Structure formats: structure tokens, C-alpha cells
Amino acid sequence: MSESTQNPTHYFDLHVQGVGYVNRIREVPVKRGENFWACDIAALHGAEDAIEYTRFDCRVSGSEAAKLIKRLDKACRDKKKILIGFKLGDLYAETFVYEKGDKAGQTGVSLKARLLYISWIKVDGESVYIAPPKQEGSQEDSHEDCQADIHEDSMETEASTSA
């Protein structure tokens, strides 16, 4: 019997849960392995009459979250306001150097995280997705079996009905 089966590894999870606007949805090409989806989330916090934002650069990791973000790509490109309830994991900071603008040459910090779960979505104020209730004993970030009610027409073709 190996040591790993006798002493399983335990992890401490750090999750960020909130509400925020989704921007810059993109598929990231990878030289080796599979491409992945990424997005920015401008998370809201503070008083309702003085909202502040914290930006997270997210790799979309939850399988259901990836499907949803992929479907929101066109709405994002069409500059629609996409507001979501989210859960992030594995938060870390990464430094970079500004290459353009007033801050050129200065060091900046980017907050990186994995987007694990999306609980609801609104596009231009219209609710287009609500996650199904969790089953007891299931994990939020593995919704392989969920058959959620997604209004794809609202996400992808709203522009054609409002024109």
C-alpha cells in the first residue's frame, strides 16, 4: 500500500463569492494541451450608493461555467452589460509592467483567479440564467448533470430583436 493512499492530501479552499460585470471574454490558445476560456470580472463591493469595483482576470475552470461563458461571448462582443453571481477560487496576485499610457514603465498588480461557478446571469438587465438548486452532497463547481434553463436567444441574438 502506498503512502498516498494511507494519508490522503487535504486542501484548504479559499473562495471569493460575489456579483460582478463580465468583460473581455476570450478563448486562450495553448501550444500544448487544450485551449481554455477566460474573462475579466469587475466585482461590485461597498455601499449601494457608492459602488466600488475590484477587477479579477479569470481562467474559466468549472465545466458549466465554461459553457455559459462561451455562450456569452457574442453578447460581450456586442458590448452588452453582463452581470453575474459568481464563485472564484485559487486567487493570487501577479505583477506586470504597463507598456502604454500614463503609467508606462510602472509596475501594476493583476488579481488572477479561477471562475468555478456562475449562479445567475443578467444581460442588459434581463435574467437569462438561474442555476438549478444544488443537490445535497453535490459540489457547486461540478455541474456536469445540470440541465439548466438557459435562454440562448437572449444571450446571443438580443441585438437582432432590439434593432
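**Strands, cysteines and backbone angles**

Colleague: Let's start with the hairpin of β2 and β3: what is the phi of G46 in its turn?

Modeller: In this predicted model, strands β2 and β3 form a hairpin with six residues between them; strands are DSSP runs of E, at least two residues long, and helices are runs of H or I, at least four long, numbered from the N terminus. G46 sits in the turn, and its phi is positive, at about 100 degrees.

Colleague: Before we go on, which pLDDT cut-offs apply to this predicted model?

Modeller: Residues are numbered from 1 along each chain as its sequence is written, and side-chain values use heavy atoms, leaving out hydrogens and water. Because this is a predicted model, totals for chains, interfaces and linings use all residues, while local features need pLDDT of at least 70 and side-chain atom pairs count only at pLDDT 80 or more.

Colleague: Thanks! How many bridges join β2 to β3?

Modeller: Strand β2 covers residues 36-45 and strand β3 covers residues 52-60, and the two run antiparallel. They pair by the DSSP rule, which asks for at least two bridges between strands. Within this pairing, D40 has D57 in β3 as its bridge partner. The number of bridges joining β2 to β3 is eight.

Colleague: And do β3 and β5 run parallel or antiparallel?

Modeller: Five bridges join β3 to β5, which spans residues 107-123. As for direction, β3 and β5 run parallel.

Colleague: How many disulfides does the count come to?

Modeller: A disulfide here is a pair of cysteine sulfur atoms within 2.5 Å. By this rule the count is zero.

Colleague: Which cysteine sulfur is nearest to that of C39, and how far away is it?

Modeller: C39 takes part in no disulfide. Its nearest cysteine sulfur belongs to C58, at 5.1 Å.

Colleague: What about C76: which cysteine has the nearest sulfur?

Modeller: C76 is in no disulfide either. The nearest cysteine sulfur is 8.4 Å away, and it is that of C39.

Colleague: Why does C39 count as buried?

Modeller: Buried means under 20% relative accessible area, exposed over 50%, and partly exposed in between (1.4 Å probe, protein chains only). C76 counts as buried because its relative accessibility is 15%. C39 counts as buried because its relative accessibility is 0%.

Colleague: Is K79 buried or exposed?

Modeller: You will find K79 in the loop between α2 (63-77) and β4. Its phi is near 65 degrees, a positive value in a residue other than glycine. With a relative accessibility of 73%, K79 counts as exposed.

Colleague: D90 is not a glycine, so what is its phi?

Modeller: D90 lies in strand β4. It is partly exposed, because its relative accessible area is 44%. Although D90 is not a glycine, its phi is positive, at about 55 degrees.

Colleague: Last one: which residues does S110 touch, leaving aside those up to four places away in sequence?

Modeller: S110 lies in strand β5. It is buried, because its relative accessible area is 8%. Contact means heavy atoms within 4.5 Å. Not counting residues up to four places away in sequence, S110 touches R55, D57, Y92, A93, E94 and F96.
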